[in-house]
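Colleague: I am new to this structure and would like to learn how to read its features. Please take me through them one at a time.

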Amino acid sequence: MSNRNRIHAVNAVADRPVPGLLDAVPASLDYYGEDVFNFPKMRRFLSEATAKKLIATISQDVPLDPDIAGEVAHAMKEWAIGRGATHFTHWFQPLTGSTAEKHDAFLDINSQGEVILSFSSKNLIMGEPDASSFPSGGLRCTFEARGYTAWDPTSPAFIKRHANGATLCIPTAFCSYTGEVLDKKTPLLRSMQALRKSLTRFMKCFKQPEEHTTITLGVEQEYFLIDRNFYLHRPDLVQTGRTLFGSAPPKHQQLEDHYFGSIKPRILQFMGEVEQELWRLGIPAKTRHNEVAPAQFEIAPIFEDVNLAVDHNMLVMEVLQQVAARNGLVCLLHEKPFAGINGSGKHNNWAISYGKRNLLDPGHDPNDNAIFLTVLSAIIRAVDLHSDILRSTTASAGNDHRLGANEAPPAIISIFLGAQLADIIDHLENGTVTGSRHRPSSMRIGVDAIPSFSCDATDRNRTSPFAFTGNKFEFRAAGSSQSCADVNMVLNTIVAESLDYISEKLEKVPQEEFNNELQNILKTIIKNHKRIIFNGDNYNPQWLKEAQKRGLPNMTNTMDAIKPLLNAKNFQLFEKYGVFSQVEMESRFEVFLEEYHRKVRIEGEIALEIARSMIMPVVREEFGRQMAALKAAEDQQIISGTVSLRRVAEKLGQKLDELEEGCNSLEKAINGLHEEIITAMNNIRQIVDYLEHIIDDSCWPLPKYREMLFIY
Ligand code: ADP
Ligand code: MG
C-alpha cells in the first residue's frame with residue numbers, strides 16, 4: 001500500500017501558483033487604525049467634554065468618570081455599525097492564556113415590538129459571561145459560577161472582521177463575582193499602578209517634577225509556517241501544536257542559510273497581508289524576517305504602553321493564524337513544534353518612561369546618569385531577589401522543551417549588561433575612579449557623565465535570558481505561545497519593590513548627604529546582588545556549574561518552576577503591592593499545574609493513537625512484504641538477496657515488538673505521573689523515528705520534516 005495522503009499533500013503544494021508581482025501603485029497607510037476607536041474617532045464621535053475625559057483616563061491615568069459611559073457606548077455603536085459591525089463582545093484573557101469572546105448582536109426589540117440596534121452603557125461597562133468553564137483553580141465553585149468582565153478604557157475598542165460581518169470588541173478585565181482575578185489583564189493593570197506609584201515616589205527623591213509614567217513593551221514574536229496540506233495529515237500537530245514524531249532531516253538549520261535570508265514569495269505575501277490587517281487594527285507592525293530554523297519567522301511591532309502591547313500581541317497571534325489559514329498555511333505558535341531544530345520564543349523588550357524620558361537610557365546629563373544607574377541597580381536587585389517568580393511566568397509544557405533543554409535561553413535567570421556597563425557597575429561597587437577604556441576617568445554618581453551606550457551588534461549577547469540592549473531590557477525566556485501579561489506583571493511588581501527599597505533610604509537622607517548616601521546604597525546593592533550578572537555564554541555547560549556555585553536557582557521544568565507561586569516571600573511581595581492575594585496566587589498555581597498535566601496527558605494519548613493506528617500497521621505491512629519476498633525466494637531456491645531480506649525482516653520484527661511493548665507501557669503510564677508519560681513517549685518516539693528511516697518512503701503515513709519545513 002502506498003500512502004496517498006502524504007503524496008497528495010506534496011502534489012497539492014506543488015500545484016500552487018507562485019505569487020506574481022505587484023503593479024506599481026503608490027503605497028498608503030491611510031487605513032492605519034481605521035478599525036480602532038482611537039483618539040481621532042473619540043474626538044469625532046463624542047462631545048468635546050466627554051472626549052477630553054476619556055482621553056485623560058487613557059493617557060493620564062485619571063479615573064474614569066462613570067457618567068460618560070452612556071455617551072461613549074452610543075458613540076462606539078454608531079462608529080462600529082458604520083463599519084459593518086452587527087455584534088459586540090467583551091474581549092478578555094482568561095487563565096487559559098488565550099483570548100475569549102462571547103458575541104451579542106446590537107439587536108433589541110423595543111416596546112412597540114420593533115427591532116432596534118442597541119448598545120447601552122451597561123453593555124459597555126460590564127458583562128457577565130458564564131465563568132464556570134474557565135479555569136479558576138478552585139477560586140470559584142461552579143454553583144456560584146458568576147464572573148464578570150469589566151471595561152478597560154485604557155485599551156481601545158476595535159473591530160474584528162470576518163467574511164460576512166464584523167464584531168465590536170471591547171477589551172475587558174475578568175474577575176469573579178467576589179472580585180478575585182480570573183484573568184491575565186487585571187494583575188498586569190494592578191502591577192502598572194504599583195510601579196507608577198513607586199516610581200513617582202522615587203523620582204521625588206531626585207527632586208524631579210511629577211510626570212506620567214509609561215511602562216513600554218515591544219514584543220518580538222517568533223512563529224513557524226507550514227503548508228496546511230501537511231498539517232492536516234499530522235494529528236499530533238492538529239491536537240497538540242507540536243510534532244510528537246519525526247526526525248530532523250539531513251539539512252535543517254546547520255548551514256545558517258535561513259536567518260535573515262531572502263523571504264520566499266508565498267511567505268512575503270502572507271506577511272504583507274498580516275501587516276495590512278494589523279495596521280488596520282492600529283498595531284504598529286514594523287519588522288519582519290526569516291528566523292534561524294527553516295520555516296521559522298519573526299514579526300515585531302514598535303513598542304507601546306505595556307497593557308496595550310500585551311493586548312496587541314494577543315491579536316498578533318490571532319491574526320497570524322487567521323491569515324495563514326486564508327493562505328493555505330498554518331501558523332505554529334508552539335514553543336517547540338519540531339524536535340532537533342530551534343524552537344520559538346517571544347522577546348519581551350521592556351522599559352520605563354517618566355514623562356518623555358526613558359529611564360533606561362543613560363542620557364548625557366550627569367543627573368540623568370544618576371537616575372539611570374539607580375534604576376539599573378534597582379532592576380539588578382529585583383531580578384536577583386525574585387528570579388524565581390520571574391522564571392515561573394515562563395513555565396509551560398511547551399516552553400519546557402526550550403528552557404532547560406539544550407536550547408537558549410537557559411532556565412537559569414541572569415542579567416547581561418555588556419562590557420561597558422559591567423565595567424561601570426564594577427567601579428560603582430569598588431568606588432574606584434581610575435581609567436578604563438570603557439568609562440570616563442572618574443565615577444561619582446550625579447556628578448560625572450557616563451557615555452551613552454551604543455550596544456552594537458558585537459555587544460549583543462543572544463544567549464542571555466535578560467539582556468540590557470542599550471535603552472531597554474530584553475527578557476527572552478517567554479514562550480512563543482504565551483501571553484506577555486505575566487512576565488510584565490512580575491517585572492513591574494519586583495521593580496516597584498526595589499525602587500521603594502531605595503526611596504525609603506533616600507527619603508531619610510539630608511540633602512548634603514544625598515550623593516554619598518546614593519553611592520553607598522548602589523555599592524551595597526551591587527555587592528549583594530552582582531551574582532545575577534553574567535556576561536558570558538549562557539549555553540556553555542560551565543555556566544551551569546558557575547550558576548550553581550553562585551546559588552542561582554535552576555528550575556528546568558514546569559513542575560519546579562511554578563512552585564515559587566506558593567512561596568511565602570512571594571505571597572508577601574504581591575500582597576504588599578496589591579497585585580495578588582495569597583488565595584489568588586494559590587489558585588494560579590492550581591490552574592497552571594492542572595493545565596500542565598492535561599497537556600502532557602493529551603500528548604501521551606495522541607502519541608499512542610498515532611503509534612498504534614498509523615505507524616504499526618505500516619510496519620506490519622512492510623514486515624509482511626519482506627517475509628513474503630523471503631519465502632518466495634526460498635520457495636524458488638534463490639539464495640541471493642535472502643541474507644538482506646532476512647536481516648531487514650529481523651530488524652523490522654524487532655522494532656515492531658519494541659514499539660508494541662512501548663505502546664503498552666505508554667498506555668499504562670497515561671493514567672499516572674507526567675514524568676512517566678514523558679519517558680514513555682520519548683521511548684516510542686525513538687523507535688518510530690528510527691522506523692521512519694527504513695520503511696518504504698511511499699508508505700510512510702506522516703508528512704516528514706523535510707517536506708513540512710522546506711516545501712511551500
Ligand atoms: P532585535 O531583534 O535586534 O532585538 P527588534 O527590532 O526585532 O530588535 O525588536 C526590538 C523591539 O524592542 C521592538 O519591538 C522595539 O520597538 C522595542 N523597543 C525599542 N525601544 C523600546 C523601549 N524603550 N521600550 C520597550 N521596547 C522598546
Ligand atoms: Mg528581533
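Predicted model: local features only at pLDDT ≥ 70, side-chain atom pairs only at ≥ 80, totals over all residues.

Modeller: Residues are numbered from 1 along each chain as its sequence is written, chains are lettered from A and ligands numbered from 1 in the order in which they are written, and side-chain values use heavy atoms, with hydrogens and water left out.

Colleague: How many aromatic pairs does a search of the whole structure find?

Modeller: Rings of Phe, Tyr and Trp (its six-membered ring) pair if their centres lie within 6.5 Å; planes under 30 degrees apart are stacked, over 60 edge-to-face, and the rest tilted. The search of the whole structure gives 21 such pairs. One of them is edge-to-face: phenylalanine 338 and tyrosine 705, 5.1 Å centre to centre with 85 degrees between the planes. Its partners are 367 residues apart, phenylalanine 338 in the loop between β13 (329–332) and β14 (346–354) and tyrosine 705 in helix α22 (residues 705–708). Helices (H or I, at least four residues) and strands (E, at least two) are DSSP runs, numbered from the N terminus.

Colleague: Why does phenylalanine 338 count as buried?

Modeller: Buried means under 20% relative accessible area, exposed over 50%, and partly exposed in between (1.4 Å probe, protein chains only). Phenylalanine 338 counts as buried because its relative accessibility is 0%. Tyrosine 705 is buried too, because its value is 1%. Phenylalanine 534 and tryptophan 543 make a stacked pair, 3.7 Å centre to centre and 5 degrees between the planes; both residues are buried.

Colleague: Which ring lies under the charged end of arginine 381?

Modeller: A charge sits over a ring if NZ of Lys or CZ of Arg is within 6 Å of the ring centre and within 35 degrees of the ring normal. For arginine 381 the ring is that of tyrosine 501, with 3.8 Å to its centre.

Colleague: What coordinates the magnesium ion?

Modeller: Donors are N, O and S atoms within 2.8 Å of the metal (3.2 Å for Na, K and Ca); water is not among the atoms, so sites may look incomplete. Glu220 (OE) and Glu298 (OE) coordinate the magnesium ion (ligand 2) at 2.1 to 2.3 Å. Glutamate 220 is in strand β9 (residues 213–227) and glutamate 298 in strand β11 (residues 296–301), 78 residues apart. Both glutamate 220 and glutamate 298 are buried.
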